[in-house]
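Trainee: Please pick one part of this and take me through it slowly. I'd like to see how it sits among its neighbours.

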Amino acid sequence: MTRRTVAVLGVGGVGKTTYIFRTLNLTLKPRATLRPGIYRTYIGGKEVELIDVPGQLAVEVARNFSKAWSFYVDLMIYMYDLTDQSTLYAIAELHSVLLDRGISPYHRVVLVGNKRDLAEELGVFIEGDEIAVSIDAKKNILSN
Ligand SMILES: Nc1nc2c(ncn2[C@@H]2O[C@H](COP(=O)(O)OP(=O)(O)O)[C@@H](O)[C@H]2O)c(=O)[nH]1
Ligand SMILES: [Mg+2]
């Protein structure tokens with residue numbers, strides 16, 4: 001069976017593990033991620049491996065990713081919180097830390113703005129377009 005590997009990266013608290021659990025149809029609420037997780041699911045007849053990485057700051061997440069995973073990933077999902085600009089800037093930092101380490105280990109990259117429900121409630125909507133261009137990603141908006 002074809003296997004696809006997807007890594008979800010972003011600073012702590014943006015909703016990576018929640019997103020992965022939702023993809024797996026798990027209803028439980030995740031706790032703080034303390035160690036790397038590799039979750040397996042099947043989507044459209046393909047085996048999909050989802051990589052979840054611990055860490056709060058961009059440098060930690062980048063380091064933990066490169067420790068946990070030395071192989072190629074098919075899709076990198078960079079995730080930020082639509083209500084928090086610092087989480088968007090952290091993506092640029094994360095990306096450059098990976099590049100500095102000589103890692104550009106993915107085939108496709110998307111930038112996902114998460115917590116749309118909260119953004120709508122607060123009326124704060126941090127646009128990721130410029131960062132998406134700088135990391136060569138397509139833009140996506142995601143909500144629960
Ligand atoms: N309002 C809102 N909260 C979310 C959403 N996704 C995750 N959260 C909350 O954000 C917090 C951090 O989520 P978590 O998945 O642990 O983030 P991670 O550190 O990136 O893995 C938790 O309290 C989640 O319930 C979302 O789409 N909307
Ligand atoms: Mg987590």
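Mentor: Helices (H or I, at least four residues) and strands (E, at least two) are DSSP runs, numbered from the N terminus. This is a predicted model, where local features need pLDDT of at least 70, side-chain atom pairs count only at pLDDT 80 or more, and totals for chains, interfaces and linings use all residues. Residues are numbered from 1 along each chain as its sequence is written, while chains are lettered from A and ligands numbered from 1 in the order in which they are written.

Let's go for β1, residues 3-9. Five of its seven residues are buried (20 or more other C-beta atoms, placed from the backbone, within 10 Å of their own), so β1 is largely enclosed by the rest of the structure. What's beside it? β1 pairs (at least two DSSP bridges) with β3, residues 46-52, in the parallel sense over six bridges. There, Thr 5 stands opposite Glu 49. β1 also pairs with β4, residues 73-81, again parallel, over four bridges, and Ile 77 of β4 is the bridge partner of Val 8.

Now look at helix α2, residues 58-68, where Ala 58, Val 61, Ala 62 and Phe 65 are buried. Seen down the axis of α2, these residues fall within an arc of 100° (taken from the directions from the helix axis to the C-beta atoms), so they line one face of the helix.

For contrast, visit Val 110 in strand β5, residues 106-114.

Definitions and conventions:
A residue is buried if 20 or more other C-beta atoms lie within 10 Å of its own, exposed if 12 or fewer, and partly exposed in between; C-beta atoms are placed from the backbone. Two residues are in contact if their C-beta atoms, placed from the backbone, lie within 7 Å.
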